[in-house]
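Please look at the structure first.

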Amino acid sequence: MVDTAASADSARAPGDQVRCEGCAREVKPELLCPTCVKLGIQSSYFCSQSCFKENWKKHKDVHAVFKLLQKKNQEAETSAETDLAKFNPQDRNTWRNDPHLRNFLSFSFTGELRPWPILQCMRSVPPHIQQPDYALSGVPQSELDSRRKSNVHVHSEEEIQRLRETCLLGRRALDYAHSLVKPGVTTEEIDAKVHAFIVDNGGYPSPLNYQQFPKSCCTSVNEVICHGIPDFR
């Protein structure tokens, strides 16, 4: 049975609508999955009790993924932090206690550039902000489904206006990120500030957990490949 979202989403403006997790229709934010409420997931809405029941088997995977992400974040918080003062990127022995760097222990590098530690915990997004389907699972299912469709969706005037607003925020976020790039500023610092900027403006940072990408923007230094993961450089 779904719960009535009386106070779970008080930050929404009156009249705002959300996407039903079952049928994808735009509905009033009134019915929430009770398990999601207990877990603190306040963005899983349904249009009706029957829709909730019909989609329960698929929806409950969200709970499992959320618990897994929580566990991973807890492990990251309690894992041994790499001492940056003692960190030597050329000495692989200093990589062993870092969950990120361990992935590169046997990697064959072609140049002198080496990976650096990253902040392991994934940044959070307030529950009142509408989140994409990959926010918990890391899988952009709606995008994958759209690739199998032959018809082209024609946007309504309202959708076009929302696209304009989204693009404007994207442009502002890019300009803001550009203003942060200075000698001595790490890509991790840039990621933290860009994440806060987007969230403060009511948006969801698109890269965050897309295909399990762990950060809110893609930054890199020097000859690092594009779409690099922000780290302590």
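Predicted model: local features only at pLDDT ≥ 70, side-chain atom pairs only at ≥ 80, totals over all residues.

Residues are numbered from 1 along each chain as its sequence is written, and side-chain values use heavy atoms, with hydrogens and water left out.

**Whole chain**
- The protein chain has seven helices and five strands (DSSP runs: H or I of at least four residues for helices, E of at least two for strands, numbered from the N terminus).
- Along the sequence the pattern is β-β-β-β-α-β-α-α-α-α-α-α.
- Of the 233 residues in the protein chain, 30% are buried (under 20% relative accessible area, 1.4 Å probe, protein chains only).

**Packing of α6 and α7**
- Helix α6 (residues 157-180) packs with helix α7 (residues 187-200) at an angle of about 150°, and their axes are 10 Å apart (lines fitted to C-alpha atoms over the stretch in contact, with angles from 0 to 180 degrees between N-to-C directions).
- That angle makes α6 roughly antiparallel to α7 (over 145 degrees).
- The contact (heavy atoms within 4.5 Å) is made by L169, R172, A173, Y176, A177 and L180 of α6 and by I190, K193, V194, F197 and I198 of α7.

**Helix α6**
- L169, A173, A177 and L180 of α6 are buried, and the buried residues of α6 pack against α7.
- The 24 residues of α6 should span 34 Å at 1.5 Å a residue, and the end C-alpha atoms are 35 Å apart, which agrees (the expected span is 1.5 Å times one less than the number of residues).

Technical notes:
Parallel < 35°, antiparallel > 145°, perpendicular 65-115°, else oblique. Buried < 20%, exposed > 50% of the residue type's maximum accessible area, 1.4 Å probe, protein only.
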